[in-house]
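This report describes a protein model and the ligand it holds. The sequence and the structure come next, followed by the description.

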Amino acid sequence: MFAPDEIRNVAIIGHKGSGKTQLAEALLYIARATPKLGKVDDKSSVLDESVEEKEHAASLETSVAVLSWGGKKINLVDTPGEGSFLADTRLALGAVDAALLVVSAKDGVQPITERVFGWTRELGIPCLVVISKADAENARPEDAAVEVKTRLKVPVCSMEALIGEGSSYEGVITLRTQKSFIGKPEAPNQITAGLVPPSAKAAVDNGRARLVDDVAGTDDALTEKYLTEGDLTQAELDEGLRNAVANSKLYPVYFVSSTRPSGIAALLDAIVDLVPAPTAHAPFKGTVPTVKVGATPAAATRAPSTDAPAAAYIFKTTWDQHAGLTSYVRVTSGTLKPDSTLLNTVTGNSERIGKIVQGVGKDLKQLDHAAAGDIVALPKLKASRTTHTLADDKHPFVYTFPALPPPLFSRGVKFEAKGGEEKVASALYRLAEEDPGLHVGQDEATREMVVSGLGSLHLEITVERIRRRIGIDCRLGPPHIAYKETITKKVTGIEGKHKKQSGGHGQFGVCYIDMEPMPRGGGFVYEDAIVGGSIPRQFIPSVEKGIVKSMARGFLAGFPMIDVKVRVYDGKYHDVDSSDAAFQMAGSKAFKAAAAQCHPVILEPIVKLQVTAPLTATGDVIGDINSRRGRILGTDSIDDQTIVNAYVPLSEVLEYESKLKSMTQGKATFSMAVSHLEVCPPMIQDKVVKDVGFKHTEEDE
Ligand SMILES: Nc1nc2c(ncn2[C@@H]2O[C@H](COP(=O)(O)OP(=O)(O)O)[C@@H](O)[C@H]2O)c(=O)[nH]1
Ligand SMILES: [Mg+2]
């Protein structure tokens, strides 16, 4: 058993194809957690094990595996790097203490590298940079490391000197610990730390001096010491580096080959040495659920300690025909015990914990407990889903998981099977519960089921999963663009009045609101500024409910309205005729009246597009992007290739693949990921509104 401070939790993140899963396989193999090196390419990976992953040769969901190294237990969380599946990646970042940011020595920094790296900054998660594929044809590991520094704009420090690169890559020499790790293809598992070869001694000493300089610069006391004595002791260097990494003041860079696999043992040493223990995690932020309806839950924190009451955050749920559902949790505090009961603090239901397991692929071992800081799997939970928190019922706590990017890609689900509606709908809703990146709804007009996610592949995989699970052949309809609406102007003093007298009981409720735009991503904020009971307390949430319902229905074209702040400050009520329903109606009417005056606009999804094309095609590629209302962010050239980065509206690149192919005779590649929302230009907005043919529903009267 490992004590909590002997655990290291790392997520492996990066662009798709950068070598994350292969790296995880190499880490497991070198640590002897697997008997042979799993290979992504021959589908022997223990991590990409689902049918869909084998078929698409890519990680489509998060997988977890455990190994031990240097007296520590390392929980590896391998994440997808494909734009469609980043919800998994984001939720995984909420469960770990550090990330390995994988950057391919062939491709350098790519769009998803930037995106997921941005998330580690936002969430305050330290990163070790791993330059993968140091052995590959055309690898340029040193350039890739420089790119990390310039493109991601972070202070990096070299931790290793390379011994060869590309086809002559043999291994690495560590600068801090001064050991050589050289892999021989014929005996790749026998990489032992060797001495620094005399021929490399001078270069390694120089490298170490640079590292000392980098580390000294992160801390005043160390700078002082370094300036007076000209060096740091090994202990000062180690401690200084550990602190600098933990506080994201330095990003150490490692080189690996995961297919050979060398450099891996040095990286395992680094994870053990530099990744903060879970006991050092800042207190988890969350809330305490309230029993009062409509009340805002109180903010709370939970120490990452075994002494605190039990709590665990579900960051991933998988489904398998034989095993059923498996929930992966980070134990945030306390201790989980098998055959016990916890409270699902999100649903309010109690949840039976059966077994607690941990392992690699299908090779799982039962644990007799799981302490704070560990990442374990809980098979067959009944009613708990990804993002939920399970906690001691006497000390409830809801962990605030990393907010998910909005699903901006929607398509209708079509099928022939007679009477399949209910089966398809319930299977879709189940999938959405397991995968919070997937949203399921129904088209108001056609009654067709609509699935929304982060990308087109996400939705294709969704219908594949449905076919596998319930045997109904589903297809996707043409894309719907997930437009949103928002407002651009503040208004004050808007009245929402609902009054109805039709014999017997009447309905009466009046509210007065101010409404203003929030910054993008600010969400919906409802401020209760009622004083003196002009609206009775129990009806203040009713007004909010009415507003939220109306926002979901949109104002201009029926798209959900986002990023709005409403302040309710006055109202009127009637002792007999006021009710929850009447105040909901008043809220809805106030919202509509306010929206009409707030200059509502439509927001469209914008994708970050990266195209790699032959130099000769640069002009065509850029011209075409411009004609699609694109904004070129920059171009780079490497050898005879150009890399073009641009922002382009999603609606303009739905058929990009075939266009690019014909423009470049198939010699170009591209990747895109939805990045953010922007206000539609007026002409486009008019067209969108006209195309959807939206009419206000008068649900009120
Ligand atoms: N030569 C070489 N190829 C690698 C290495 N790591 C990964 N690859 C290849 O890169 C491709 C993508 O690898 P994978 O691990 O699935 O990438 P992921 O999408 O980031 O998980 C596969 O064809 C791997 O065999 C490496 O260290 N050296
Ligand atoms: Mg992968």
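A residue counts as near a molecule or strand if one of its heavy atoms lies within 4 Å of it. Of the 17 residues around ligand 1, those that come nearest are Gly17, Lys20, Gln22, Asp41 and Ser258.

This is a predicted model, in which local features need pLDDT of at least 70 and side-chain atom pairs count only at pLDDT 80 or more, while totals for chains, interfaces and linings use all residues. Residues are numbered from 1 along each chain as its sequence is written, chains are lettered from A and ligands numbered from 1 in the order in which they are written, and side-chain values use heavy atoms, with hydrogens and water left out.

**The ligand site**

The shell around ligand 1 is made up of 2 nonpolar, 10 polar and 5 charged residues. Here Ala, Val, Leu, Ile, Met, Phe, Trp, Tyr, Cys and Pro count as nonpolar, Asp, Glu, Lys and Arg as charged, and the others, Gly among them, as polar. The table gives polar contacts of the ligand; such a contact is a pair of N or O atoms within 3.5 Å.

| Residue | Protein atom | Ligand 1 atom | Distance |
|---|---|---|---|
| Glutamine 22 | polar backbone atom | oxygen | 2.7 Å |
| Lysine 133 | side-chain N or O | oxygen | 3.0 Å |
| Serine 258 | backbone N or O | oxygen | 2.7 Å |

On its own, ligand 1 has 570 Å² of accessible area, and the protein covers 84% of this. Accessible areas come from the Shrake-Rupley method with a 1.4 Å probe.

**The seven-stranded sheet**

Helices (H or I, at least four residues) and strands (E, at least two) are DSSP runs, numbered from the N terminus. Two strands pair if DSSP finds at least two bridges between them. An open sheet of 7 strands has the order β2-β3-β1-β4-β5-β10-β6, with mixed pairing. At its edges are β2 (63-69) and β6 (156-158), each of which pairs on one side only. Neighbouring strands are turned by 30° against each other on average, direction ignored.

Within this sheet, β4 (residues 98-104) and β5 (residues 127-132) run parallel and are joined by 6 bridges. Leucine 100 stands opposite leucine 128 in β5. Helix α9 (residues 264-274) lies across β1, β2, β3, β4, β5 and β10, at about 90° to β2. Contact means heavy atoms within 4.5 Å; axes are lines fitted to C-alpha atoms, for helices over the stretch in contact, and angles run from 0 to 180 degrees between N-to-C directions.

**The four-stranded sheet**

A further open sheet has 4 strands in the order β25-β26-β24-β27, with antiparallel pairing. β25 (439-442) and β27 (474-481) each have a single partner strand, so one side of each is left without a neighbour in the sheet. The twist from one strand to the next averages 30°.

Strands β24 (residues 409-415) and β26 (residues 449-453) run antiparallel and share 4 bridges. Serine 410 has serine 452 in β26 as its bridge partner. Helix α11 (residues 456-470) lies across β24, β26 and β27, running at about 25° to β24.

**Backbone exceptions**

Most residues other than glycine have a negative phi, and most peptide bonds are trans. The peptide bond from arginine 260 to proline 261 is cis, with omega near -15°. Proline 261 is in the loop between β10 and α9. Arginine 32, which is not a glycine, has a positive phi of about 60°. Arginine 32 lies in the loop between α1 (20-30) and α2 (51-56).

Definitions and conventions:
Polar contact = N/O pair within 3.5 Å; in protein donor to acceptor, adjacent residues only side chain to side chain.
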